[in-house]
Amino acid sequence: MVSFDSNLSQRVIFGDNSIEKLAQATKTLGGSCVLIISDNGIKEAGILNRACSSLNNEKIHCHVFTDVEPNPTTKHVYKAVQFAQDNNPIDLIIGLGGGSAMDCAKATNFILTNGGEMEDYWGTNKATKPMLPSIGIPTTIGTGSEAQSYALIAQEDTHIKMACGDKKAQFDTVILDPTLTGTLPKLVAAITGMDAIAHAVESYVSTRHNPLSQMFAIHAWKMLESNFQIAIDGEHIYERGKMLFGAYLAGLAIENSMLGAAHACANPLTARYGITHGIAVSLMLPHVIRFNEKIVGGFYQEFYSNGNLADRIESLIECSDLPNTLQQCTVQYPIRATDLSTLAKEASVQWTAQFNPRPVGIDDFERLYEKVF
């Protein structure tokens, strides 16, 4: 067996209406005046009110920052930090929402406690001072940010994504409440669900995989794959709960291994054209699987023994009406064939590319993009 070193110290509270335990979880961590980082969609859905009600009932003061957008940049982080400083003292941070809100919460924790700029924490373990205790509450059935110690934040000017990681930034407590996913639209459920599936698939075969990460990944896959088609319909909270827990397990798989070429391909598509991350990843994943089969075909068969894994991924994409070509994607700017070489160069320097099980160069990335053009 491959040697590995893991520290599993995160508290997980799972169950319908478990958001009502937020105040108790906050008190356990010593919180009395908290900062909630969320977005306006969560506020409009009534989820933010549920969180605040739990805290207010126990006389825990809460300050709410909702100016977070998809694919958060340093602009959002600095605004959240300024908001927190204007409402000092803050002794605990809560990330409530999708991956964007939770990443922003972790990033805010870096700057609020250690100072400097987001670039100072690009990489691993760059924070030298203690960080505030924190709680992550996902409201989608994907991303897995609640399980990870990394915050993915884009530079405001270049839109290059920075992976800023530190064990101190990982949420101390995670609340997984399936009822919070009930208002999730079908499209968002499909997008985030496919992102979680990609996490399970890529982490299982990454060059950093180990028995622990593969255990998380394969159990995540079984829960995600078997419930995906039913769960994207909002009426099926039980199945969405399965997806919610599967996404968390997939996040743990990433935390204990890494990702690969599908995520490396996805980041430039998001940065350049505004393609939603989950769509970009699902678009590339089947083709990356086929590219990797020469090296890790046995792992893929072990992962999914009921047929061809890439074909199964494509069937899930089809049933959810997600795009399978770049031309079908909603983009900020037109994508031209001449752009593919530039995308390939940008994908080749993404941090996840180095962990793909089959070495992948610029020419390989360009051929992968050609398959979805």
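This briefing covers a sheet, a helix and some aromatic contacts. The model is predicted. It holds nine aromatic pairs. One of them, Y150 with W351, joins parts that are 201 residues apart in sequence.

**The sheet**
- Three strands form an open sheet in the order β5-β8-β7, with mixed pairing.
- The edge strands are β5 (123–124) and β7 (150–154), and each pairs on one side only.
- Strand β8 (residues 161–165) runs antiparallel to β7, and five bridges link the two.
- In one of the bridges, L152 partners A163 of β8.
- Strands of a sheet pair through backbone hydrogen bonds.

**Helix α5**
- Helix α5 (residues 99–114) has 16 residues and spans 22 Å from first C-alpha to last, close to the 22 Å expected.
- Of its 16 residues, 14 are buried.

**Aromatic pairs**
- The ring centres of Y150 and W351 lie 5.7 Å apart with planes at 25 degrees, so the pair is stacked.
- Y150 belongs to strand β7, while W351 sits in the loop between α12 (340–348) and α13 (362–372).
- W351 is partly exposed, at 24% relative accessible area.
- F245 and Y248 are also stacked, 6.4 Å centre to centre with 20 degrees between the planes.
- Both lie in helix α8 (residues 237–255), three residues apart, about one turn of the helix.
- F245 is partly exposed at 29% relative accessibility, whereas Y248 is buried at 5%.

**Other ring contacts**
- One aromatic cluster is formed by Y204, W221, F299, F303 and Y304.
- The charged end of R358 sits over the ring of F291, 4.0 Å from its centre.

Conventions: Residues are numbered from 1 along each chain as its sequence is written. This is a predicted model: local features need pLDDT of at least 70, side-chain atom pairs count only at pLDDT 80 or more; totals for chains, interfaces and linings use all residues. Side-chain values use heavy atoms; hydrogens and water are left out. Two strands pair if DSSP finds at least two bridges between them. Helices (H or I, at least four residues) and strands (E, at least two) are DSSP runs, numbered from the N terminus. The expected span of a helix is 1.5 Å times one less than its number of residues. Buried means under 20% relative accessible area, exposed over 50%, partly exposed in between (1.4 Å probe, protein chains only). Rings of Phe, Tyr and Trp (its six-membered ring) pair if their centres lie within 6.5 Å; planes under 30 degrees apart count as stacked, over 60 as edge-to-face and the rest as tilted. A charge sits over a ring if NZ of Lys or CZ of Arg is within 6 Å of the ring centre and within 35 degrees of the ring normal.
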